[in-house]
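Try each task before reading its solution.

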Amino acid sequence: MTSTSPGRRRDRRVYLRSHPLLFALLAVARRAPVLRLGRTVLVNGTEAYLQALTEVALDRSAAGTTGGNARRLTGGDLLFDQEDVAHRRARRELSHVFNSAGVARTRPLWADVLRRRLAPLATGETIDLVDVAAELAGVATVSLLGLNADPHPVTAAARAAAAAAVRAELPGPRGPGRERATRAAVDRLAGVLAGATVDPALASMIAVAAVNTTVAAIPRAVAWCADDRLWSHAADPELLPTLVAELLRVTAPSPVLPRAVAAPGEIGGCPVRSGDRLILVARHAAYAHEMGPDPVAPMTPRISQLVFGAGTHSCPGAGLARAQLADTLAALAPYRPVVVSARADRRAALPSWATLRLRAVSR
């Protein structure tokens with residue numbers, strides 16, 4: 001697909017309307033593989049991105065990083081901010097949540113959501129796919145965490161906590177009101193997750209990550225599929241996995257990864273030192289800004305999986321994300337839906353649609 005395809009034009013609106021400053025930063029800096037701005041280093045190049053995640057010592061608990069924010073908000077030791085041995089142990093503990101058996105156990109639950117929520121398309125009605133994705137994410141999260149709970153409050157609390165955490169990191173004075181609002185959102189999330197089969201802090205991290213990436217990724221990917229008329233590929237079981245990988249590559253649900261350097265090193269020829277802040281742009285490393293989704297001639301797996309990180313910094317929920325999107329696309333493919341209307345979410349933690357209404361073209 002060309003850089004001006006309908007799918008790309010619509011997806012740009014997510015950034016321009018929901019995260020305009022982020023989009024401006026990414027657009028200005030993307031030509032340089034590595035760019036230093038004071039003590040901040042922007043990493044765009046594929047090899048530099050890989051080097052930063054696999055060869056450079058990172059401070060998992062530094063202020064402004066994913067781990068630092070998680071530690072500040074939950075008060076617990078989390079996968080994002082643990083060091084070496086503890087980090088590896090936590091990943092092993094998560095294996096039963098996100099491994100193939102965990103996905104298989106949860107899959108029938110979200111399949112039921114898709115059957116029920118997509119059924120109105122058959123009678124000519126429109127559906128809001130953001131609302132569908134939110135329910136799907138909640139059902140999956142509740143199952144993965146072993147909760148006996150209503151998925152809707154879990155989804156709402158996870159989205160609110162993530163949005164509050166992002167607002168807490170915005171420039172400007174951080175008055176007590178902002179911190180109290182963040183703490184209230186986090187406490188609310190902890191309350192709805194009471195009874196999870198994993199550590200409470202870890203449960204909060206899983207819920208925030210699983211819900212927010214799902215609600216961001218699925219509607220954006222479906223909109224791109226609809227606008228670029230890729231439904232024939234979605235209906236082909238052999239091409240569907242490749243289409244899923246390509247759509248996740250171009251949408252890059254978590255477009256940037258904030259990290260901090262723990263020891264002197266080098267990234268793409270640029271010296272870095274302890275305390276430098278890294279902005280790792282997954283979107284650029286995976287060529288999402290240049291190459292549209294192509295299920296016939298796709299990017300290599302080495303490139304497409306970069307949106308999920310790399311090495312010990314790879315996302316343990318990547319398999320879950322691929323399975324959820326694959327099932328959603330397969331369920332929608334017979335309807336070949338088009339986008340009726342879309343509105344960007346200006347409060348979401350990640351570039352997202354607030355609403356995405358679809359109507360079937362054929363059954």
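**Exercise 1.** Is T155 buried or exposed?

*Solution.* Start with the cut-offs: buried means under 20% relative accessible area, exposed over 50%, and partly exposed in between (1.4 Å probe, protein chains only). T155 has a relative accessible area of 5%. T155 is therefore buried. Helices here are DSSP runs (H or I, at least four residues), strands are E runs of at least two, and both are numbered from the N terminus. Last, look at its partners, with contact meaning heavy atoms within 4.5 Å. Beyond neighbours within four places in sequence, T155 touches A134, A137, G138 and V211.

The model is predicted: local features need pLDDT of at least 70, side-chain atom pairs count only at pLDDT 80 or more, and totals for chains, interfaces and linings use all residues. Residues are numbered from 1 along each chain as its sequence is written, and side-chain values use heavy atoms, leaving out hydrogens and water.

**Exercise 2.** Describe the protein as a whole.

*Solution.* Count the elements: there are 15 helices and 9 strands. Turn to burial: 53% of the 363 residues are buried. Finish with the contacts between residues at least 6 apart in sequence: 70% of them join residues at least 24 apart.
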